[in-house]
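Dear colleague,

Please find below the structure that I am handing over to you. My notes on the sheet, the helices and the nonpolar cores follow it.

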Amino acid sequence: TGRRAIPTLGYAVLALLAREPLTGYALSRQMRDPIGFFWQAHHSQIYPMLDRLGREGLIESREIPGPGPRPTRRHEITLAGLTALRAWVAAPAPPRGGRDELLLRVYASWVAERSVTLALLDEAETRHQDQLAMYLARRRSADARGIADSPGTADFADYATLRRGIGHERGRIAWL
């Protein structure tokens, strides 16, 4: 079709818009929670991506009354966007990239004082313990609603990624 490849961030935006139309601000907020648990994007990256997705016909944007004196823009996935998202989901995932800043810091920690290394590890363990506690609370809530028995729904997709997050945090804590 002559379309340039969409970066993964574009698919993250499309995945959020497939659930519901959102403003750029709401997209930024949802990039922190729940998407931010497994995919991060800076606020400054989202608006250029929205512009690109709009130019490529994958989303439509329209003005709506805003909370202030100026209108805001609400973005909605198009049929072409949904088709692109479905094709991306079905395509084989590329090999996982190896960017892990904590692991890189630990690898380089031999140049620092022992106390610095231990503080780095302690702080990371605390952060992962806190994240695990939050994930477990969300899982209890999802289990109480029977989400595990509803494959093919957005709630189940949330549940599946939540379970992966729990495994990640447990593995990270065991390593630390």
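In which sense do β2 and β3 pair, and over how many bridges? The two strands pair in the antiparallel sense, over six bridges. One of these pairings sets Glu 60 against its bridge partner in β3, Glu 76.

Before going further, please note that this is a predicted model, in which local features need pLDDT of at least 70 and side-chain atom pairs count only at pLDDT 80 or more, while totals for chains, interfaces and linings use all residues. Residues are numbered from 1 along each chain as its sequence is written, and side-chain values use heavy atoms, with hydrogens and water left out.

**The sheet**

Helices (H or I, at least four residues) and strands (E, at least two) are DSSP runs, numbered from the N terminus. Two strands count as paired if DSSP finds at least two bridges between them. In general, strands of a sheet pair through backbone hydrogen bonds, either parallel or antiparallel.

Here, three strands form an open sheet in the order β1-β3-β2, with antiparallel pairing. Because β1 (22-23) and β2 (59-64) stand at the edges with a single partner strand each, one side of each has no neighbour in the sheet. β1 is joined to β3 (residues 72-77) by two bridges. In β3, Arg 74 stands opposite Thr 23, and His 75 stands opposite Leu 22.

**The helices**

Helix α1 (residues 8-19) lies across β1, β2 and β3, at about 90° to β3. Axes are lines fitted to C-alpha atoms, for helices over the stretch in contact, and angles run from 0 to 180 degrees between N-to-C directions. The axes of α1 and α3 (residues 43-55) come within 10 Å and cross at roughly 80°. α1 is therefore roughly perpendicular to α3 (65 to 115 degrees). In their contact (heavy atoms within 4.5 Å), α1 contributes Leu 9, Gly 10, Val 13, Leu 14 and Leu 17, and α3 contributes Gln 45, Met 49, Leu 50 and Leu 53.

**The cores**

A nonpolar core is a set of buried Ala, Val, Leu, Ile, Met, Phe, Trp, Tyr and Cys residues joined through side-chain atoms within 4.5 Å; buried means under 20% relative accessible area (1.4 Å probe, protein chains only). The largest nonpolar core has 22 residues, and those with the most contacts inside it include Val 13, Leu 27 and Met 31. α1, α2 (24-32), α3 and α4 (79-90) each supply at least two residues of this core, and α1 gives the most, with seven. Another core, of five residues, lies apart from it and includes Leu 132 and Ile 166.

Yours sincerely

Terms used. Parallel < 35°, antiparallel > 145°, perpendicular 65-115°, else oblique. Buried < 20%, exposed > 50% of the residue type's maximum accessible area, 1.4 Å probe, protein only.
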